[in-house]
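User: I'm new to this one and would like a close look at a single part: the place where the two chains meet. Could you walk me through it, salt bridges included?

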2 protein chains.
Amino acid sequence: MDSGYIYATYLIEGASDLEKKARGIAVGLTVGTWTGLPREKQEQMAPYLGKVEEVVRLEPADDGSPRGRITIGYPMRNLTADLPAVLTTVFGKLSMDGKIKLIDLQLPEEFLSRFPGPRFGIEGIRERLGVHDRPLLMSIFKQCIGLPLDELETEYQKQIEGGVDLVKDDEIFFRDDLAPVGERVRAFERRNRVWEEQTGKKVLYAVNLTGPVTQLPDRAKRLVEAGASCLLLNVAPYGWDVLHRLAEDPDIPVPIMAHPAFTGAIYASPDHGLSAALLLGKLLRWAGADIVLYPSPYGSVAMPRKEALKVAQHLRENNGVHRPAFPAPSAGIHPGLVPVLYRDFGRDAIVNAGGGIHGHPDGSTQGGRAFVDAIEAVVSGVTLEEKAETSAALRKAIDAWGVVKA
Amino acid sequence: MDSGYIYATYLIEGASDLEKKARGIAVGLTVGTWTGLPREKQEQMAPYLGKVEEVVRLEPADDGSPRGRITIGYPMRNLTADLPAVLTTVFGKLSMDGKIKLIDLQLPEEFLSRFPGPRFGIEGIRERLGVHDRPLLMSIFKQCIGLPLDELETEYQKQIEGGVDLVKDDEIFFRDDLAPVGERVRAFERRNRVWEEQTGKKVLYAVNLTGPVTQLPDRAKRLVEAGASCLLLNVAPYGWDVLHRLAEDPDIPVPIMAHPAFTGAIYASPDHGLSAALLLGKLLRWAGADIVLYPSPYGSVAMPRKEALKVAQHLRENNGVHRPAFPAPSAGIHPGLVPVLYRDFGRDAIVNAGGGIHGHPDGSTQGGRAFVDAIEAVVSGVTLEEKAETSAALRKAIDAWGVVKA
C-alpha cells in the first residue's frame with residue numbers, strides 16, 4: 001500500500017461488475033471524471049485520483065445477489081485530518097448507494113498522527129488511579145433525572161464505598177436543574193477527596209458533558225476548573241469532531257469517556273453503515289477517547305463476541321501513533337460474569353455495571369464489593385466460589401445471578 | 001397526546017411481548033426503575049417517567065419473527081431542546097438493542113419552537129433570488145479538488161451563464177490549497193454581481209463550510225464578511241447540533257444548504273437507524289437547513305419514491321413553528337426528467353444536476369439552458385418536445401438522455 005493514500009474497505013452487495021463499481025468509486029469520489037479527460041488534464045489530476053487497491057468476490061447472498069469486498073485508496077492530499085473530511089469523502093454519497101457497508105479504514109502514519117488520540121489512555125488512567133495490576137471497576141448511576149443533589153450525593157457515596165474506580169453519570173442526564181452539573185462536580189469530587197484521605201483510594205467521576213456543541217470546550221474547561229476528574233461524552237449525537245477538539249485542547253487535561261449512544265443506528269445493520277470495530281474501535285480512539293463504552297457480548301443489549309473483541313483489539317493494539325484506550329464492554333454485567341470478561345478482555349479493560357451493582361441484595365455498596373472481590377479472584381487465579389467463602393458480598397451476588405464459567 | 005411529552009415511534013422486530021418491551025423502554029430511558037420504588041418515591045419521580053402511548057402488532061417478518069410499532073412519550077422536562085439530547089434519550093442505548101428503527105418523532109410546539117428552523121426557508125430564498133413562480137435550478141461543480149482558482153472560476157462562469165439559480169461546491173472539497181475558500185467566495189460572488197448587473201439575474205453560491213466543528217461559526221462569519229451568499233454543510237459528518245448553532249446565529253445571515261453525506265449509514269437499513277423522512281425531512285429542518293439535498297427516486301443513487309416524497313412533505317408542511325425548507329431531490333437528474341420531478345415535487349423544489357448539466361453535448365452553459373427551458377415548459381404546461389422546437393439546447397439534451405413521461 002502506498003503511504004500517500006487512505007484505504008477504505010467496503011462490503012458491497014448487488015454490484016454485478018465489481019471492478020467497474022470499484023473504479024467508479026475511485027474516480028467519482030476524487031476527481032469526478034477521468035476517462036474522457038485529455039492527456040494533459042489527466043497528468044494534472046493524477047495526484048488527486050483514487051485507486052482501486054483490491055477487489056474480492058465473496059459468496060453470493062442468500063437470494064443469489066453478488067457480493068464483494070473492495071478496497072479503495074484515496075489520496076491523502078484530498079483530505080484534511082479530521083473525521084468529517086474522511087467520512088464525507090469515503091462514505092458521503094456512497095453511504096446512500098445501495099447495500100454497502102464501510103468495514104475498515106487504514107490511515108498512513110503521517111495522516112494518523114494529526115489525530116489527537118487518547119491524551120491519557122490506559123497507562124495514564126492507571127497512573128491517575130494508582131491501579132496497575134487488574135481490570136478497573138466502574139459503576140453507573142441507577143438514576144439521575146429528577147433526583148435532587150443530596151440524594152445523588154448519597155448514591156454517589158454508596159458507590160465509592162463499594163470500592164469502584166470510576167462512577168459515571170447516566171448518559172441521558174441533560175436537564176439537571178435539581179443537581180446542576182457544576183454543583184455535582186464540586187460535591188462528588190469533594191466526596192472523592194475525602195474518600196482518598198480516609199482510604200488512600202482514588203476515584204474518577206465521569207460527568208456528562210452537555211450543551212451546544214460549539215460551547216462544549218468552554219463548558220469542559222469550566223468543569224475542569226470546578227474539579228472534574230473525567231468527562232463523559234455522547235460522541236455520535238454531538239459529532240465525532242468535537243471529541244477531537246476536546247481531546248487536543250491542552251486546557252482540558254482530564255480523561256474523556258465515550259458513550260456509544262446512537263452508534264447502533266450506524267453499526268447494527270449487516271448491509272449499511274460502518275462496522276462496530278471501525279466506528280467504536282478505530283474512529284473513537286483516533287478522535288481521542290480514553291475509555292470507550294460499548295455493548296458487551298453478554299447482556300440483553302449485546303454485540304456479537306467476535307465484533308466486541310475486535311473493538312477492544314483496535315482500542316488497544318499498537319497503531320504506531322496513539323496511546324491504547326480502555327474498552328468498557330457494558331450491559332448485563334454482574335459479578336458472576338467477571339471470569340468470562342477477564343478471559344475475553346483481559347486485564348486492560350473496565351468492568352462496568354449498573355444493575356449488577358445496584359441490584360445486589362444488600363445494596364450498591366455491597367454490589368461494588370462483590371465486584372471488587374470477583375476481580376481480585378480472577379486476577380489471582382481463584383474461583384469465584386472459593387473467593388465467596390470469605391466474601392459475603394460475592395456470595396450473595398452469586399446466589400442472585402449465578403456464575404458463568406470462563 | 002399530552003403536550004408535555006416528546007413522542008418517538010419505533011419499528012421493532014423480535015420482541016415477543018411488545019407491551020413489556022414498550023414499558024421497559026418508557027421506564028429504562030427515563031427514570032431507570034419504577035415497579036420496585038416505594039409509593040412516595042414514585043410520586044417524586046412520576047413527572048419524569050416515560051409512558052407507552054401506542055403498541056401496534058404488525059405482520060410477522062418473513063422468518064416468522066414478531067414485529068410491531070410502538071410509540072413512547074418522553075417527558076419534555078427530561079430534555080434540553082437540541083438534537084443530541086433528543087437522540088441520546090430516545091435512541092441512545094436503544095439504537096443498539098436488536099432490530100429497532102426510529103421512524104418518527106413528534107415534538108410539542110413549545111419544545112419545537114426552541115429549535116431555530118430555517119432562517120430563510122422557501123420564501124426567503126425566493127426573495128433573495130427574485131424567483132417566485134417555478135422550481136429553482138441548481139448546478140453542482142463537476143470537479144473541485146485539484147483545480148486552481150482560475151479554472152474553477154471559468155467553470156463557475158459557464159454554469160451561471162446557463163441560467164442556474166444556485167451553484168454548489170462539491171461536498172468532498174476539503175483541501176482547497178489551490179483555490180482557498182475565501183478566495184473562491186470573493187471570485188465567484190464577484191462573478192455573481194457582474195452577472196446580475198448584466199442580466200438582472202441573481203445567483204447564490206453555496207460554499208462548502210469545513211474545518212474544526214468548534215470553529216465553523218467563526219469560519220461562516222468570515223465567509224459572510226467575504227460576501228458568501230449561501231453555505232453548504234455536510235451535516236451528519238459534523239453533527240446535527242452545529243447546524244442548529246449556525247442557523248440561530250444572527251451574524252450568519254445567509255441560507256444554509258444541508259448535504260446528506262453519510263446519512264445513508266443511518267437511514268438505509270430497514271431494521272436499524274432512522275427513517276429518511278425523519279432524518280432528512282424533520283431533523284434537518286428543525287436544526288435550520290433552508291435547503292436539503294437528498295437522493296431522488298430516479299437516479300442510480302436512489303431513494304424509494306414514497307420515502308423521497310415524505311422527506312419533501314416534512315420539509316414543506318406546516319409544522320406550526322418553522323418556515324418550510326426546499327427539497328432538492330438529487331442524483332441522476334437530466335432535463336428529460338423535469339416533467340416527472342415537477343409532477344412529484346411541484347413548484348417549491350430545487351432541480352439539482354451535475355452530470356445532467358456538464359454532460360450536455362454542447363457543454364455546461366447549454367446544459368443549464370436546457371434545464372431552464374425544460375422548467376419553463378413544465379410550468380407553462382408545454383411538453384418538452386414542443387419546447388424543444390424553439391430550444392436547441394433542450395433538443396440536444398433530449399436527444400442525449402430522452403424524456404421520461406410524467
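**Where the chains meet**

A:Glu151 and B:Lys41 form a salt bridge, with their closest N and O atoms 2.3 Å apart. Keep in mind that this is a predicted model. Another salt bridge pairs A:Lys41 with B:Glu151, and there the closest N and O atoms are 2.3 Å apart too. A:Lys41 sits in helix H2 (residues 39-45) of chain A while B:Glu151 sits in helix H6 (residues 149-161) of chain B, so this pair joins two chains. How open are these two residues? A:Lys41 is buried, because its relative accessible area of 18% falls under the 20% cut-off. B:Glu151 has a relative accessible area of 25%, so it counts as partly exposed.

Now step back to the whole contact. Chain B puts in 68 residues and chain A puts in 68 residues. Together the chains bury about 5,700 Å², and carbon and sulfur atoms account for 62% of that. On chain B's side, B:Met96, B:Arg175 and B:Phe262 supply 13% of the area that chain B buries against chain A, more than any other three residues. Between the two chains there are four salt bridges, and 16 residue pairs are in polar contact.

Which pieces of chain B do the touching? Those that each give at least two residues to the side facing chain A include helix H2 (39-45), helix H3 (83-91) and strand E10 (272-274) of chain B. H3(B) gives the most, with six residues. Sorted by class, the chain B side has 34 nonpolar, 22 polar and 12 charged residues.

B:Asp97 lies in the loop between H3 and strand E4 (100-106) of chain B. B:Lys21 forms a salt bridge with B:Asp97, the closest N and O atoms being 2.7 Å apart. This pair links distant parts of the chain, with B:Lys21 in helix H1 (residues 18-28) of chain B and B:Asp97 in its loop 76 residues away. B:Lys21 is partly exposed, at a relative accessible area of 23%, whereas B:Asp97 counts as buried at 19%.

A:Glu153 forms a salt bridge with A:Arg191, with closest N and O atoms 2.8 Å apart. A:Glu153 is in helix H6 (residues 149-161) of chain A and A:Arg191 is in helix H7 (residues 181-199) of chain A, 38 residues apart. A:Glu153 is buried at 13% relative accessibility, but A:Arg191 is partly exposed at 28%.

For contrast, here's a contact inside chain A. Two salt bridges run between the domains. A:Lys99 forms a salt bridge with A:Asp271, the closest N and O atoms being 3.8 Å apart. A:Glu13, A:Lys99 and A:Asp271 are linked in a network of salt bridges.

Key:
Residues numbered from 1 in each chain as written. Chains lettered and ligands numbered in written order. Predicted model: local features only at pLDDT ≥ 70, side-chain atom pairs only at ≥ 80, totals over all residues. Heavy atoms only, no water. Salt bridge = Lys/Arg side-chain N within 4 Å of Asp/Glu carboxyl O. Contact = heavy atoms within 4.5 Å. Buried area = accessible area lost by both parts, 1.4 Å probe. Polar contact = N/O pair within 3.5 Å; in protein donor to acceptor, adjacent residues only side chain to side chain. Helix = DSSP H or I, 4+ residues; strand = E, 2+ residues; numbered from the N terminus. Nonpolar A, V, L, I, M, F, W, Y, C, P; charged D, E, K, R; others polar. Buried < 20%, exposed > 50% of the residue type's maximum accessible area, 1.4 Å probe, protein only.
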